[in-house]
Amino acid sequence: MGGVGTTNKPAHNLSKPMMIYAFTAVTVVLALAFMLYSLPAPFLPIYHENRGVSSFWDGIILGVVPVGFLISCAPSAYLMERFNFKPIMMIGSGSLGSIFIINSFFNRIANDTLYITLSCLFRVVAGFATGLVAVTSFGVLTKLVPTRVAFVTALAEAALNGAQAFGPFLGGLLYDASGYSLAFWVPGLIIVCCVLVELTIPHVNTLPDRADANDSMKVYKDPWVMLAAWHCAACQILLFFHLPTLAPFAEKALNETVVWTGLALLVNTSTIIISAPPLGWLIDKFNPYLFVMLSSVILPFLYMFLGPIPLFNVATSKLQVMLVLALLGLFVPMGCTPILLIMFDVYKMRNGGEMSISASNTIVSAYCSCFPLGACIGSFSAGFLSEYVSFEWSTGGLGLIFFIQSLLSFLYCWKVKELRKRYEEEKQAQGGTQAGTVVENAVALQQI
């Protein structure tokens, strides 16, 4: 399966040291962008409580970032094809840092309505800027090492997950040290300085040939490619569904504080970070479809025991919740990391073994959009359901529903197997035709 991410033409002619530098620089910028994504989470509710703003707005202000991210994915691919990746990445990181620096002055706004409106608006724009950085970063990384798409993707995801986990810690530290303003302008200034780092990233081509300019529409119109993307989004729903309701559940059912909930979520994130590199290496080495099917079998059972669902009559324990969250940190990425490789693979099989730079950029943007889509659906649906059903029934019910997704993923992999068989037969037939033409030409030359 290695090399399914390769395009029609090499995207660069960099030496190995320059490839390592480009990979490191892009990954650092990506990680810093996602650190800012989660940085306000611990101190914003405290600031709002002191200010007298309803806690309802905590979830809205923090939760609108994925909306901006989702909106930016398709435009990011389009812009990357018109101006190459570097200016788009620089605009994204520069805008994100500037937004945070401007946000540091919001504590001077006396009117609560104006404060809430501007906070929501700026967080959407921050999500859009994060999307610009994410799509361009993954677009470049998959072209740097096209024969190790899953491994490179896994390393990048490990870095951004680690940064997301570190963000709340840094935000709380800055807020305790000097209050609201410092917690925004210091990280904002750091990400603005990343523009200087981006200037030094070696050239990697993301500009398509003119003949390939319409290939992006082929991606969006191909149900086989988009169905693979949906599976990634469905796995992300599982990862984000319990976030808004885990702390109240732990307090009521387990008699634990928010600190314990934070520790449990840290275990979840740590599993993702630790398992990502070896998982990416294994996916590149073996069949990625097998990893998708394995995760599809295990994930619904795991989620039904997070609560657990009352039908099983199992007492909830702290060890059980911690263990399930740790395993989710392994099996959710197992269902997501192979997807980019699969999207490349399916597209190439359905297009004669070829994939243009335009198609590659569009597939990357579609893949990146799965993460905020899953985060939006998971977080908002969990908040809505918490008003009507308990944590046990909502998580258990989602686990039962995910069985449908598991069956669909098995059906998808089986159909792709048939698709591959037809593709190989057509390829052999074309090879035989070409060989026959060569022999006929050779005989004709001999007669002449």
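Buried means under 20% relative accessible area, exposed means over 50%, and partly exposed lies in between (1.4 Å probe, protein chains only). This is a predicted model: local features need pLDDT of at least 70, side-chain atom pairs count only at pLDDT 80 or more, and totals for chains, interfaces and linings use all residues. Residues are numbered from 1 along each chain as its sequence is written, and side-chain values use heavy atoms, with hydrogens and water left out.

**Overall build**

The chain has 16 helices and zero strands. Both are DSSP runs, numbered from the N terminus (helices: H or I, at least four residues; strands: E, at least two). Of its 448 residues, 53% count as buried. Contact means heavy atoms within 4.5 Å. Among contacts with a separation of 6 or more, 87% join residues 24 or more positions apart. The accessible surface comes to about 19900 Å², and carbon and sulfur atoms hold 69% of it. Such areas come from the Shrake-Rupley method with a 1.4 Å probe; for residues, only the protein chains shown count as cover.

**Salt bridges**

A salt bridge is a side-chain nitrogen of Lys or Arg within 4 Å of a carboxyl oxygen of Asp or Glu. The whole structure has five.

| Pair | N to O distance |
|---|---|
| Asp 112 and Arg 51 | 2.8 Å |
| Lys 318 and Glu 256 | 2.9 Å |
| Lys 415 and Glu 418 | 4.0 Å |

Asp 112 lies in helix H6 and Arg 51 in helix H2, so this pair ties together parts 61 residues apart in sequence. Asp 112 is partly exposed, because its relative accessibility is 30%. Lys 318 sits in helix H14, and Glu 256 in the loop between helix H11 (246-253) and H12; the pair therefore links parts 62 residues apart in sequence. Lys 318 is partly exposed at 39%, whereas Glu 256 counts as buried at 19%. Lys 415 and Glu 418 are three residues apart in helix H16, so about one helical turn separates them.

**Two buried residues**

Leu 39 lies in the loop between helix H1 (16-38) and helix H2 (44-51). Its relative accessible area is 0%, so Leu 39 is buried. Leaving aside neighbours within four places in sequence, its contacts include Phe 100, Ala 183 and Pro 187. Leu 170 is 131 residues away along the chain, yet the C-alpha atoms of Leu 39 and Leu 170 are separated by 6.8 Å.

Ser 119 belongs to helix H6. This serine is buried, with a relative accessible area of 4%. Beyond residues up to four places away, Ser 119 touches Ile 61 and Phe 106.

On a 1 Å grid over the protein atoms alone, a cavity is a set of points where a 1.4 Å probe fits but cannot get out; a pocket is an open set with protein on both sides within 12 Å along at least five of seven lines; lining residues have an atom within 4 Å of a point. Points are joined across faces, edges and corners, and a volume is the space filled by probe spheres set on them.

There are four cavities of 30 Å³ or more. The largest cavity has a volume of about 340 Å³. Its lining has 23 residues, and Leu 160, Asn 161, Gln 164, Gln 236 and Phe 371 lie nearest its centre.

The second largest pocket has a volume of about 210 Å³. Of its 16 lining residues, the closest to the centre are Leu 227, Gln 405, Leu 408, Ser 409 and Tyr 412. H16 gives the most to this lining, with seven residues.
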